[in-house]
Amino acid sequence: QCRLDAPASDWAPCSSPQAYEHLAEGEHTFEVRALDRAGNVGEPAEHAWTVDLTAPESEIASGPADPTNETAASLAFGGSDNLDQLSQLSFQCRLDHPASDWAPCSSPQSYELLAAGRHSFQVRATDRAGNVGAPAEHAWTIDLTDPETAIQERPADPTNTSSASFGLAGSDNLDELGQLSFECRLDSALETAWADCSSPKEYADLAEGGHSFQLRAIDRAGNVDESPDSYSWTIDLTAPVASITAGPADPTNETAASLSFTGSDNLDALAQLSFQCRLDAPASDWAPCSSPQ
């Protein structure tokens, strides 16, 4: 005689094997007892088990940043189940399906020398009942390409302005301009350290003389432009000097006059200077001229 989940059912004749179908999820107890021809009833034998139809869940706790310039990856994961503890679950992982199939794994799962491009990691848990959970997934991009940097607006060279403003721009294989970050330095010959900057980058109260500005872009993966853009210019605050080398006698009875002049400068050669002349100021104002006037 057998019974299932007493007192839900009572003893009933049975033979081995005793089969049951469509059992509900949960705990079950099966009992069987023997009766001899004399009418003696033996003590029941019992077997208890649990029907578990609930799949475990997987969770990826940590993985590579997206994007990253690291070709190695380490992914930590865990799981939960209605019956089993984490230590009782088994896990399977796969990378870049369908390039690889499910294989047993444990946390953390590590990979080395991954190629540049998009990658996808999946992990799924299996409980002791054999239920397989839905995969958890982490996707990321390995970006090994440096961004490009470009200085846009810039001061004239030379200039008599002691301030400077620079427009910053860049391009990247993955990131848009707004996703790039920039580092600047001024007068790198003095071993100035790189510092974070944004567009426009402005300087004030610069000293007279030569200056050099450098700019490099950094993308979200951490790649740094190894060929920074640079611009050099000179701040010239020293005025040139004009000299009149010849002119009419004083006094003279000539109504025509010819005056020769020249100039000198701390930076420019004579041919690079321009001149303005005026006669009998304030009767006339400054106007372009050349020697002799």
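**Exercise 1. Decide whether Cys14 is buried, partly exposed or exposed.**

Cys14 has a relative accessible area of 28%. Buried means under 20%, and exposed means over 50%. The value for Cys14 falls in between, so Cys14 is partly exposed. Keep in mind that this is a predicted model.

**Exercise 2. Find the partner of Cys14 and describe the link.**

Start with the sulfur atoms. Those of Cys2 and Cys14 are 1.9 Å apart. The cut-off for a disulfide is within 2.5 Å. Cys2 and Cys14 therefore form a disulfide.

Next, take the handedness. The torsion about the S-S bond of Cys2 and Cys14 is about 70 degrees, so this disulfide is right-handed.

Then place the two ends. Cys2 sits in strand β1, residues 2-4. Cys14 sits in the loop between β1 and β2. The pair therefore ties together parts that are 12 residues apart in sequence.

Last, check the burial of the partner. Cys2 has 5% relative accessibility, so Cys2 counts as buried.

**Exercise 3. Work out which strands the disulfide of Cys93 and Cys105 ties together.**

First, confirm the bond. Cys93 and Cys105 are joined with an S to S distance of 1.9 Å. The angle about their S-S bond is 70 degrees, and the link is right-handed.

Now locate each cysteine. Cys93 belongs to strand β6 (residues 90-95), and Cys105 belongs to strand β7 (residues 103-105). The bond therefore ties together parts 12 residues apart in sequence.

Finish with accessibility. Cys93 and Cys105 are both buried.

**Exercise 4. State how many disulfides the whole structure holds and give their pattern.**

Count the bonds. A search of the whole structure finds 4 disulfides. Number the bonded cysteines along the chain. The pattern of the disulfides is then 1-2, 3-4, 5-6, 7-8.

Technical notes
Residues numbered from 1 in each chain as written. Predicted model: local features only at pLDDT ≥ 70, side-chain atom pairs only at ≥ 80, totals over all residues. Heavy atoms only, no water. Helix = DSSP H or I, 4+ residues; strand = E, 2+ residues; numbered from the N terminus. Buried < 20%, exposed > 50% of the residue type's maximum accessible area, 1.4 Å probe, protein only.
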